[in-house]
Amino acid sequence: KNTTAICLGMGLGVDFEDSEIDSILAFDCKKVIDAGMFYNSKLLDILNTDIVLTPHPKEFASLLKITNLAIVNHEIVSQNRFLYASLFANKFPNTVLVLKGANTLICQGSQIWINPFGSQALAKGGSGDILAGLIGALLSQKYTPIDAAITGSLALSLASMKYDKNNYSMTAMDLISLIKEL
């Protein structure tokens, strides 16, 4: 009952109890939605509220489909990121969209911010989970959803830039250690 923010979707997969998801989504607090939730129509119940969504292009393609905005694959999304992000943000202006990838897009309503500081080291499993956790932690500290998304995305990128070994060797734990040094 004292929770101020929830991160939902990481590791969720597609096999879960709808009643559990319903109770979590109904909880009155700020939310970060990631991963498995982008394949579930239950998400429609809370779109256009003060939530932060953190999909990668494949997850975003699924989100576009369940919102009836477009039926496209992740390659088309990647080639037309601004178009689809704007389409989504204009339909759901209260929701913050963090479209992960090279030059992560952060959108709310008619505004788009671009994070140009990413690195290919972030294209690994676990990086997006850390981003969702960072944003959730900032929301719990009373950041607005847009400020939490921008700050969390920048912190993740800046931490990844401090990694001084081969990009492919960075683990999620390395990234967490580097965030602690910011």
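This is a predicted model: local features need pLDDT of at least 70, side-chain atom pairs count only at pLDDT 80 or more; totals for chains, interfaces and linings use all residues.
**Notebook: aromatic pairs and a hairpin**

Entry one: F60 and F88. I looked up the ring centres of F60 and F88 and found them 5.9 Å apart. Their planes stand at 75°, so I logged the pair as edge-to-face. The cut-off for that label is over 60 degrees.

Where do F60 and F88 sit in the chain? I placed F60 in helix α2, residues 57-66, and F88 in helix α4, residues 81-91.

Entry two: F88 and F92. Here the ring centres lie 4.9 Å apart. I noted an angle of 40° between the planes, so this pair is tilted. Is F92 buried or exposed? I found F92 buried, along with F88. I wrote down F60, F88 and F92 together as one aromatic cluster.

Entry three: the strands. I moved on to β5, residues 104-108, and β6, residues 111-115. In which sense do they pair, parallel or antiparallel? I logged them as antiparallel, with 5 bridges. I picked out Q108 and looked for its bridge partner in β6, which is Q111.

β5 and β6 make a hairpin, and I counted 2 residues between them. I checked G109 in that turn and noted a positive phi of about 60°.

Conventions: Residues are numbered from 1 along each chain as its sequence is written. Side-chain values use heavy atoms; hydrogens and water are left out. Rings of Phe, Tyr and Trp (its six-membered ring) pair if their centres lie within 6.5 Å; planes under 30 degrees apart count as stacked, over 60 as edge-to-face and the rest as tilted. Helices (H or I, at least four residues) and strands (E, at least two) are DSSP runs, numbered from the N terminus. Buried means under 20% relative accessible area, exposed over 50%, partly exposed in between (1.4 Å probe, protein chains only). Two strands pair if DSSP finds at least two bridges between them.
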